[in-house]
Amino acid sequence: MHNSLRVLLAISFGAIAGTLIRYYLTLYCNQWLGTAFPFGTFFINLSGAFVMGFFTTLAVERTTISPDLRLAVTVGFLGSYTTFSSYQLDAKKLLIAGHWEITILYWMSSAILGVLSLELGIYLARRLP
């Protein structure tokens, strides 16, 4: 198979999985925790940052992972699983509803905990035997 076609297929299959998991996980979070706070997007973005740190550290420092699999996971899966645009839309909805304190908490905690999640993933990947 031609290299560019393999890359496109790897990214596409990863993206399909990431999108579907994000969609259903958001529905589940909304049903379980309610919609007063965007728990789905919050959890998805933090877990995506964690997986990005963990996976890329393993891929670069610890194991030999094919370039196609790296693209499938990072660009395809995590690129469609995590969602900056939904994060912004959720924040806008909170602002429109007049929830200034929750909006600020959401903005700040997403950014700060996102970086910490990424770093935790890197740390744990480096601690593996």
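**Close-up views of a predicted model**

A search of the whole structure finds two salt bridges. A salt bridge here is a side-chain nitrogen of Lys or Arg within 4 Å of a carboxyl oxygen of Asp or Glu. The model is predicted: local features need pLDDT of at least 70 and side-chain atom pairs count only at pLDDT 80 or more, while totals for chains, interfaces and linings use all residues. Residues are numbered from 1 along each chain as its sequence is written, and side-chain values use heavy atoms, with hydrogens and water left out.

**View 1. D68 forms a salt bridge with R6.** The closest N and O atoms are 2.6 Å apart. This pair links distant parts of the chain, 62 residues apart. D68 sits in helix α3 (residues 67–81), and R6 sits in helix α1 (residues 3–33). Helices are DSSP runs (H or I, at least four residues), numbered from the N terminus. D68 is buried, at 18% relative accessible area. R6 is partly exposed, at 34%. Buried means under 20% relative accessible area, exposed means over 50%, and partly exposed lies in between (1.4 Å probe, protein chains only). Side chains of opposite charge can pair when their charged atoms come close.

**View 2. R126 forms a salt bridge with E61.** The closest N and O atoms of this pair are 2.6 Å apart. The two residues are 65 apart in the chain, and the pair links distant parts of it. R126 belongs to helix α5 (residues 100–127). E61 belongs to helix α2 (residues 39–62). E61 is partly exposed, with a relative accessible area of 44%.

**View 3. Helices α2 and α3 pack at an angle of about 170°.** Their axes are 10 Å apart. Axes are lines fitted to C-alpha atoms, for helices over the stretch in contact, and angles run from 0 to 180 degrees between N-to-C directions. The two helices are therefore roughly antiparallel, a label for angles over 145 degrees. From α2, the contact includes F43, I44 and V51. From α3, it includes L69, V73 and Y81. Contact means heavy atoms within 4.5 Å. By class, this contact has 10 nonpolar, four polar and one charged residues. Ala, Val, Leu, Ile, Met, Phe, Trp, Tyr, Cys and Pro count as nonpolar, Asp, Glu, Lys and Arg as charged, and the others, Gly among them, as polar.

**View 4. T41 lies in helix α2.** T41 is buried, at 8% relative accessibility. Leaving aside neighbours within four places in sequence, T41 is in contact with T83, S86, Y87, D90 and Y106.

**View 5. Y23 and Y24 form an edge-to-face aromatic pair.** The structure holds 10 aromatic pairs. Rings of Phe, Tyr and Trp (its six-membered ring) pair if their centres lie within 6.5 Å; planes under 30 degrees apart count as stacked, over 60 as edge-to-face and the rest as tilted. The Y23 and Y24 rings are 4.9 Å apart, centre to centre, with 80° between the planes. Y23 is partly exposed, at 48% relative accessibility. Y24 is exposed, at 53%.

**View 6. F37, F39, F42, F84, Y87 and Y106 form one aromatic cluster.** F37 is buried, at 13% relative accessible area, whereas F39 is partly exposed, at 31%. F42 is found in helix α2 and is buried, at 17%. Leaving aside neighbours within four places in sequence, F42 is in contact with F37, Y106, S109, S110 and L113.

How values were computed. Parallel < 35°, antiparallel > 145°, perpendicular 65-115°, else oblique.
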